[in-house]
Amino acid sequence: MARVIHVFRQPDRFVAGTVGEPGERVFYLQASEDVRTVSVQLEKQQVSVLAERIGALLDEVRRRFDAELPAEPPEELLDTDPLQVPVEEEFRVGTMGLGWDAETEAVVVELLAVTDEEIDESVVLDDTEEGPDAVRVFLSPGHARAFAERAERVINAGRKPCPLCAEPLDPAGHICPRQNGYRRSDEE
């Protein structure tokens with residue numbers, strides 16, 4: 001079957017979001033342009049790495065090319081709206097690519113579907129016929145900063161970390177390895 005590449009050159013929206021309760025959340029990236037919306041599922045860690053790398057890429061472009069790029073996301077570009085529903089997963093993300101398009105001065109994010117075979121690096125950010133399905137999004141520097149800011153908020157909106165071991169605290173309780181399983185009762 002032929003490879004499908006969903007390209008968003010001027011997306012109306014590109015956001016990270018979740019479905020479900022903390023501790024059982026499913027993470028999605030959603031791109032929208034005109035009437036077309038594509039959602040892909042990925043791991044929390046992938047969202048975190050993507051947000052971090054986008055920030056690092058923009059800082060490097062600013063430093064290396066002495067470009068005037070925003071250090072913070074413009075207030076008017078911050079998106080706090082929920083994901084568009086219904087959230088219908090196009091595919092699960094396996095490999096991510098990130099680049100800078102100097103011609104259009106845009107951050108290029110590419111998300112490739114999980115495959116059983118090893119992916120040749122030349123497939124990332126390329127329009128070859130062979131390879132996994134992909135979503136390719138072009139973001140202005142301001143929109144890229146806004147994406148990264150929202151992604152960080154989404155990641156941090158989960159369960160609070162234990163102050164001793166940094167593992168997520170469950171609403172039903174937490175047996176902390178730093179306390180050797182000891183839990184103080186209310187009578188003490």
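What follows is a set of questions and answers on this chain.

Trainee: What kind of model is this, and how are residues numbered?
Mentor: Residues are numbered from 1 along each chain as its sequence is written, and side-chain values use heavy atoms, with hydrogens and water left out. Local features need pLDDT of at least 70, side-chain atom pairs count only at pLDDT 80 or more, totals for chains, interfaces and linings use all residues, and the model is predicted.

Trainee: In what order do the elements run from the N terminus?
Mentor: Helices (H or I, at least four residues) and strands (E, at least two) are DSSP runs, numbered from the N terminus. The protein chain has 2 helices and 7 strands. From the N terminus on, the order is β-β-β-β-α-β-β-β-α.

Trainee: What percentage of the residues of the protein chain count as buried?
Mentor: Buried means under 20% relative accessible area, exposed over 50%, and partly exposed in between, with a 1.4 Å probe and protein chains only. The protein chain has 188 residues, and the share that counts as buried is 38%.

Trainee: Which strands are the edge strands of the sheet?
Mentor: Two strands pair if DSSP finds at least two bridges between them. The 7 strands form an open sheet with mixed pairing, in the order β1-β7-β6-β5-β4-β3-β2. Two of these strands pair on one side only, and they are β1 (5-8) and β2.

Trainee: Which residue of β7 is the bridge partner of Val7?
Mentor: Strand β1 runs parallel to β7 (residues 134-139), and 4 bridges join them. The β7 partner of His6 is Val135. For Val7, the partner is Arg136.

Trainee: Which residue in the hairpin of β2 and β3 takes a positive phi?
Mentor: Strands β2 (residues 13-19) and β3 (residues 26-33) run antiparallel and are joined by 7 bridges. In this pair, Val15 stands opposite Gln30. The hairpin has 6 residues between the strands, and the one with phi near 115° is Gly20.

Trainee: How many residues of β2 are buried?
Mentor: Strand β2 is at the edge of the sheet. Even so, β2 is mostly covered, and of its 7 residues the number buried is 5.

Trainee: What does α2 reach from its first C-alpha to its last?
Mentor: Helix α2 has 16 residues, for which 22 Å is expected at 1.5 Å a residue. The reach is close to that, at 23 Å.

Trainee: What angle does the direction of α1 make with that of β5?
Mentor: Axes are lines fitted to C-alpha atoms, for helices over the stretch in contact, and angles run from 0 to 180 degrees between N-to-C directions. Contact means heavy atoms within 4.5 Å. Helix α1 packs on the sheet, touching β2, β3, β4, β5 and β6, and the angle with β5 is about 15°.

Trainee: How far apart are the axes of α1 and α2?
Mentor: Two packed helices are described by the angle between their axes and the distance between the axes. For α1 and α2 the angle is about 145°, and the distance is 9 Å.

Trainee: How many residues of the contact of α1 with α2 are nonpolar?
Mentor: Among the residues that meet are Leu50 and Ile54 in α1, and Phe147 and Ile155 in α2. Ala, Val, Leu, Ile, Met, Phe, Trp, Tyr, Cys and Pro count as nonpolar, Asp, Glu, Lys and Arg as charged, and the others, Gly among them, as polar. The contact has 2 polar and 6 charged residues, and the number of nonpolar ones is 11.

Trainee: Is Asp34 buried or exposed?
Mentor: Asp34 is found in the loop between β3 and β4, and its phi is positive, near 55°. Most residues other than glycine have a negative phi. With a relative accessible area of 68%, Asp34 is exposed.

Trainee: Which peptide bond is cis?
Mentor: Most peptide bonds are trans. In the loop between α1 and β5 lies Pro86. The cis bond, with omega near 0°, is the one from Val85 to Pro86.

Methods. Expected span 1.5 Å × (residues − 1).
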